[in-house]
Structure formats: structure tokens, C-alpha cells
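Open the structure in your viewer and have the selection tool ready.

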Amino acid sequence: MHGTIFTLLKRYVQTQYDHSTWIRLLEASGLTASHFDHKNVYPDEHMYRLVGEAAAMTGLSADELHERFGEYLVPDLMYMYQRLLQPGWTTLDMLEHTENTMHRQVRQEHAENAPPVLNVTRISPDELFIDYVSKRRMGALAVGIVRGVANYYDESDQILVEPTTSENGEHVRIRVRRTRPA
């Protein structure tokens, strides 16, 4: 997993809790702050350990933490890839084009990085399905990111995000639909 994600996880923990919580989380995970640099790629196991320890510390499930972190990530991700976004896009448009814009760019810039494959099927102007495919089993993170994208486009009150399969599988199907016309 790319170091940028760990850097953002650190900031998430520090803003939602405090710096000492981040330090305790690292210690409980057997990691140190020197393990993460935003320019490098790290074993997925580091993320699993951090989220597992965070779940134990907070009493929240790992899926719930992944979702919350996914929502938190979106403004930074949108900023990093703003040059790839089209001005007229809505939440559904953004989701429909993520694989062929942002994920393609990530794969080109960082060959060792492996974002999940997102197979998106647009059912209608107001509905699509996202088939998340990744050995990482972090579909809950994808669900959170989808909710964060709806927040980013000020459409969270119009967008319904429904995982239709378990969020921690290698293949997760997410239904996203607009409940009111744009």
C-alpha cells in the first residue's frame, strides 16, 4: 500500500483522536513512525495491523473504521487528481470514470502500487454498480470512499450507497443510486 495512504491514516487518527493515540496505535501494532514515508510502498500487513489495533482500541469494527477512513480520504484524493476530473461530473460520473482515470494514473506512476480494480456498470442515469476486486479485502474502504465522493459533490443527501455483498471479500459489489433527480 502506498505511503500516502499511511500518511493520511496518521492525520485521520490525529484529527479524530489525538497524536498520542497515533503513537499508541503504532506501538500496539509493533510499528514505528519511521516505517512510513509518503514516497514508498509498504506491505498491506501494516494497514491490517493498524486497523486491527484501532478496532480494539475504539470498539468499532474494522469495516466501520475502513468506511470512516475512506470518507476522510476523499478531499485529499480529489485534490491529488483534480487535473483528471471533468467540471460537469456528478458523483455517479466520477465513480463511473475512476478506473480509467485515477486508477490508471496510479498504475502508470507507481508500477508497484496496486489499487483495486473497479468494474463499474452504469444501469441508468441514476444508478450504477461497482464491482470492487482486490486481494486486499478492503471493500469497506471503497464504500467509505463512495460516500466521501457523494459528500465532495454535495450529493450525500441524494446518493444511496448499498454494499450488496460482504464488505471484506476479494469481490465486493456496491450499488450506488441517486434517490432524487439532480
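Select Met47 and show what it touches: setting aside neighbours within four places in sequence, Met47 is in contact with Met1, Ile5, Phe6, Leu9, Phe69 and Met138 (contact means heavy atoms within 4.5 Å). This is a predicted model, in which local features need pLDDT of at least 70, side-chain atom pairs count only at pLDDT 80 or more, and totals for chains, interfaces and linings use all residues. Residues are numbered from 1 along each chain as its sequence is written, and side-chain values use heavy atoms, with hydrogens and water left out.

Now go to Ser29, in helix α2 (helices are DSSP runs of H or I, at least four residues, numbered from the N terminus). Is Ser29 buried or exposed? Ser29 is buried, at 6% relative accessible area. Beyond four places in sequence, Ser29 is in contact with Arg49, Leu50 and Glu53.

Last, select Tyr12, Val13, Leu25, Ala54 and Leu65, which lie nearest the centre of the largest cavity among its 13 lining residues. A cavity is a set of points on a 1 Å grid over the protein atoms alone where a 1.4 Å probe fits but cannot get out; lining residues have an atom within 4 Å of a point. α3 gives the most to this lining, with 5 residues.

Key: 1 Å grid on protein atoms, 1.4 Å probe; cavity = no way out; pocket = protein on both sides within 12 Å on 5 of 7 lines; lining within 4 Å. Helix = DSSP H or I, 4+ residues; strand = E, 2+ residues; numbered from the N terminus. Buried < 20%, exposed > 50% of the residue type's maximum accessible area, 1.4 Å probe, protein only.
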